[in-house]
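Subject: Structure handover

Hello,

Please find the structure below, followed by notes on what turned up in it.

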Amino acid sequence: MLEGKLQKLLQKHRVRGTYGYVQVENKYINDMNLHYEFIFGGNNRCKNNKGIEINHIYTEFHAEDGRNSRSKLEHLCRMIEALPHDDSIQVVKKTSGKNFDVKYGQGVPLVDENGAERAESDIIDELKQQLAELKAFMDETLNAFVSGTGLEYALAEKRSLLESSKQLILTGAPGTGKTFTAKQLAKKWIAETNGSFAENFCQVQFHPGYDYSDFIIGLKPELFEGNVTFKWKDGLFKAFADKAKKVRETDGENCKPYIFLIDEINRADLSRVFGEVFSLLEEDYRYPENETGIILPDGSSFVLPDNLYIIATMNDIDRSVESMDFALRRRFSFLEVKAEDSVCIIEENTKISDGNKAKLKNVMAELNKYIGSKNELLDNRYHLDLGDEYALGGAYFVHFAKYADEEQPQEMLWGNHLHIILNEYLRGHRGRHAILTCLKNVFDSAWNGSLQ
């Protein structure tokens, strides 16, 4: 079939000789068209050193979006650009922003250096070889993108949103790998810009006692010549932001990103922690567009540079979620990390065999089916209907790796981890013990592959 399409393309070239193409292996994601393409004409004409015009057929991958898939197109483009490649691969974004191409190689010439037509079979063999090489480069990334799974896809999606909004909160059930994903995103982005993770990344975990003096600036006691004095000292966030600003001033707009991770952002009193720095979180108030910033209690000025990015995590079932300041909510983008999105945590764990990974993913899917569903009836008696925010994420299941050498590691996983969190979820439920017994039966059946 491929050979027949290439024969028709070559015939079209002989008859018209100006422009032509043929698409193969089309995939449609919503209204986005992904396909490989052989194309000749247009800019693919050139003259050799003898002045003879030689037309080439190029092997390319094309991604073309519709009205509802622009952000997904950007995610795919980032994923492909991040793949290691040499000069034989070119990722070309179109000026319209609606599509991009991946060009492979230097094209296959249709005539030899003297202008004589090459044998059709030779041309087709070279084109088929180029398609195979381009597919080898592309297919793993495309499969992850099409299925919407895999760490690469997850990181590309979140990085795109973080770059555009500057502040991003990852929400979701406990154990869905929000912190893991945030750190992997930071490591990958910093590495791509040849930065240092130790220099360009900073992390803090909020708690009820955390305040403005820890985060921005505060008077701290200091012993001097036997006397206690108080001096202004920068908090963790201000010190990191000042460091990012110096790099922005020196290297300009193409400088390295500085990424600040706030774990469990909703556990602190955010108004007390951020204070007047709230206003600087607005996009138009970033340096260098805003050079004056705000005046801090010590009389110094403070700005947030536009190369500083904030990622935060937040558990949906934490009761302190409801107390989050609405002014802060408005300044952050929110992205939910669902339990099924955290499958990549299991897949990325090198200490778990492929067979056990498959079992763990099956167990995770089956347990979550009963935890969150309004329709699934457990043991024909119980509707749990806790909601998706109580689903068990992949981070719970990778504890399996700790017990891989045990005779029954799955029992250790259940007893030491899953049973404990499920028991807490069901605290106060009248049928708690019976439900836990039923969930253990689901766990065993899913692990043994005996579910009906």
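To begin with the aromatic side chains: Phe206, Tyr210, Phe215, Phe237, Phe240, Tyr258, Phe260, Phe274 and Phe278 come together as one aromatic cluster. Please keep in mind throughout that this is a predicted model.

Aromatic pairs

The structure has 16 aromatic pairs. One of them is tryptophan 189 with tyrosine 309: the ring centres are 4.7 Å apart and the planes stand at 55 degrees, so the pair is classed as tilted. Tryptophan 189 belongs to helix H5 (residues 178-192) and tyrosine 309 to strand E13 (residues 308-315), so the contact ties together parts that are 120 residues apart in sequence. Both partners are covered: tryptophan 189 is buried at 5% relative accessibility, and tyrosine 309 is buried at 9%.

Phenylalanine 400 and tryptophan 447 make another tilted pair, with ring centres 5.4 Å apart and planes at 40 degrees. This pair also links distant parts of the chain, 47 residues apart: phenylalanine 400 sits in the loop between helix H13 (394-397) and helix H14 (409-425), while tryptophan 447 is in helix H15 (residues 432-448). Phenylalanine 400 has a relative accessibility of 1% and therefore counts as buried. Tryptophan 447, at 7%, is buried too.

Charges over rings, and a cis peptide

Lysine 187 lies over the face of phenylalanine 197, 5.5 Å from the ring centre. Lysine 245 is placed over the face of tyrosine 287, at 4.9 Å from the ring centre. Tyrosine 287 is also worth a look for its backbone: a cis peptide bond joins it to proline 288, with omega at about 15 degrees. Proline 288 is in the loop between helix H9 (270-274) and strand E11 (294-295).

Positive phi values

Lysine 166 is not a glycine, yet its phi is positive, near 75 degrees. Lysine 166 is found in the loop between helix H4 (151-165) and strand E6 (167-172), and is buried, with a relative accessible area of 13%. Glutamate 264 likewise has a positive phi, near 55 degrees; its place is the loop between strand E10 (258-263) and H9.

H9 also contains serine 271, which is partly exposed at 33% relative accessibility.

Salt bridges

The structure has 22 salt bridges. Among them is the one between glutamate 126 and arginine 118, at 2.4 Å from N to O; glutamate 126 is partly exposed, with a relative accessible area of 33%.

Aspartate 139 and lysine 135 form a salt bridge at 3.0 Å, N to O. The two are four residues apart in helix H3 (residues 120-147), so about one helical turn separates them. Aspartate 139 is partly exposed, at 23% relative accessible area.

Lysine 440 pairs with glutamate 411 in a salt bridge whose closest N and O atoms are 3.2 Å apart. Here the link is between distant parts of the chain, with lysine 440 in helix H15 and glutamate 411 in helix H14, 29 residues apart. Lysine 440 is buried, at 16% relative accessibility, whereas glutamate 411 is partly exposed, at 30%.

Surface patch

Leu219, Leu223, Val228, Phe230 and Trp232 form a nonpolar patch on the surface, and together they have about 570 Å² of accessible area. Strand E8 (217-224) and strand E9 (227-234) are the elements that give two or more residues to the patch. E9 provides the largest share, three residues. Valine 228, which is in strand E9, is exposed, with a relative accessible area of 58%.

Cysteines

How many disulfides does the structure have? The count is zero, taking a disulfide as a pair of cysteine sulfur atoms within 2.5 Å. Cysteine 202 is buried, with a relative accessible area of 13%, and cysteine 344 is buried at 4%.

Regards

Key: Residues numbered from 1 in each chain as written. Predicted model: local features only at pLDDT ≥ 70, side-chain atom pairs only at ≥ 80, totals over all residues. Heavy atoms only, no water. Patch = residues over 30% accessible without salt bridge, like charges linked within 9 Å, V, L, I, M, F, W, Y side chains within 5 Å. Areas by Shrake-Rupley, 256 points an atom, 1.4 Å probe, with all protein chains shown as cover. Salt bridge = Lys/Arg side-chain N within 4 Å of Asp/Glu carboxyl O. Buried < 20%, exposed > 50% of the residue type's maximum accessible area, 1.4 Å probe, protein only. Phe/Tyr/Trp six-rings, centres within 6.5 Å; stacked < 30°, edge-to-face > 60°. Lys NZ or Arg CZ within 6 Å of the ring centre and 35° of its normal.
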